[in-house]
Amino acid sequence: MQQMMGDHAPVNVEEYEYEGLPPNFTLAENMVAGAFAGIAEHTLMYPFDLLKTRLQVINPSPGGLYTGISHALSTISKAEGVGSLWKGISSVVLGAGPAHAVYFATYEAVKHAMGGNIGNEHHPLAAATSGACATIASDALMNPFDVIKQRMQIHGSVYRSIAQCTRTVYKNEGMTAFYVSYPTTLCMTVPFTALQFTAYESLSKIINPTKGYDPITHCTSGALAGAFAAGLTTPLDVIKTLLQTRGTARDAEIRSAKGIVRAASIIKRQYGYAGFFRGLRPRIITTMPSTAICWSSYEMAKAYFIRHQND
């Protein structure tokens, strides 16, 4: 197969498989497809992400105690207004586009370099490796936006804008506050992405052996792959939430937590092993449609560029 990013003549649709990018599929087109997928995913599922954050917070303020998803949804809607379910979304929109552009561009580049687009064989190692590389690159860009998002999502947040939150966090906690959870984020998202991409590629080949563009296949495979990966990595997501919201905690021990081990010990001591699965249901409920939307949007954008090149 010719170099993915090279300047070659257009290839007829019959001459390459859909799942493998055409030789002249440019980096810019790949990044646009990824950005479109990221913004669509995070915008549509944001309220559920906010519910997940609220349920995962350790020792929340009295008004932030919830018994489950439905209770959290009704309480927040009544006490804070329905609009509060989208509080902090501007941070996600601002960061998700560039982060997902980098994410999918890295994924396709590494997958291509490892021979993942060659032939009809399944390439789980290429899928897992490309997914891991993609998340390392994108999380480095997205982590500060994620910290700002969660600071604005929690109950009693005093932040009204991204700029205000950024200035306050930087002034009170320094630049490290935006990356204190990065190691934990990588510990969670690298296996999450590797699991998700491997499951997605495997399910796609089983459900859609012809490897043609099929929205139902991409949606179904994306949802199931996301649920599988989300369930297995929930404990690390709980640890990440503790570290990213520590600056607003009332508990002095939580405020001083500085790493994965320390955060995990706090959760274990206060809630037992069950504490590592706080927010499991909303995480899976959020992730399934999120990954379905993400993969469907990405594959749709990719299919558009492929058709455009062959017109």
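Let's start at S61, which is partly exposed, with a relative accessible area of 21%. That value counts as partly exposed because the label "buried" is kept for residues under 20%. Keep in mind as you look around that this is a predicted model. You will find S61 in the loop between α2 (46-56) and α3 (69-80).

Now look at what surrounds this residue. Leaving out residues up to four places away in sequence, S61 touches H155 and R250.

The largest pocket has a volume of about 290 Å³. Which residues are the closest to its centre? They are S61, I154, H155, T248 and A249, out of 20 residues that line the pocket. By class, the lining of this pocket is made up of nine nonpolar, eight polar and three charged residues.

Next, let's turn to a pair of helices. The axes of α5 (residues 124-153) and α6 (residues 162-173) come within 10 Å and cross at roughly 100°. That angle makes α5 roughly perpendicular to α6, because angles from 65 to 115 degrees are counted that way. On the α5 side, the contact is made by I148, R151 and M152, while α6 brings I162, C165, T166, V169 and E173. Sorted by class, this contact has five nonpolar, one polar and two charged residues.

Our next stop is helix α7 (residues 182-207), where T185 is found. Is T185 buried or exposed? T185 is buried, with a relative accessible area of 5%, and so falls under the 20% limit. Apart from neighbours within four places in sequence, T185 is in contact with D139, N143, V190, K240 and Q244.

Rolling a probe the size of a water molecule over the atoms shows where empty space is left. The structure holds four cavities of 30 Å³ or more, and the largest cavity contains about 780 Å³ of space. Of the 33 residues lining the largest cavity, E41, H42, H100, T189 and F192 are the closest to its centre. Several elements each give two or more residues to this lining: α1 (27-44), α2, α4 (89-113), α5, α7, α8 (215-244) and α11 (280-309). The lining of the largest cavity divides into 11 nonpolar, 13 polar and nine charged residues.

Key
Residues are numbered from 1 along each chain as its sequence is written. This is a predicted model: local features need pLDDT of at least 70, side-chain atom pairs count only at pLDDT 80 or more; totals for chains, interfaces and linings use all residues. Side-chain values use heavy atoms; hydrogens and water are left out. Helices (H or I, at least four residues) and strands (E, at least two) are DSSP runs, numbered from the N terminus. Buried means under 20% relative accessible area, exposed over 50%, partly exposed in between (1.4 Å probe, protein chains only). Contact means heavy atoms within 4.5 Å. Axes are lines fitted to C-alpha atoms, for helices over the stretch in contact, and angles run from 0 to 180 degrees between N-to-C directions. Angles under 35 degrees count as roughly parallel, over 145 as roughly antiparallel, 65 to 115 as roughly perpendicular and the rest as oblique. Ala, Val, Leu, Ile, Met, Phe, Trp, Tyr, Cys and Pro count as nonpolar, Asp, Glu, Lys and Arg as charged, and the others, Gly among them, as polar. On a 1 Å grid over the protein atoms alone, a cavity is a set of points where a 1.4 Å probe fits but cannot get out, and a pocket is an open set with protein on both sides within 12 Å along at least five of seven lines; lining residues have an atom within 4 Å of a point. Grid points are joined across faces, edges and corners, and a volume is the space filled by probe spheres set on the points.
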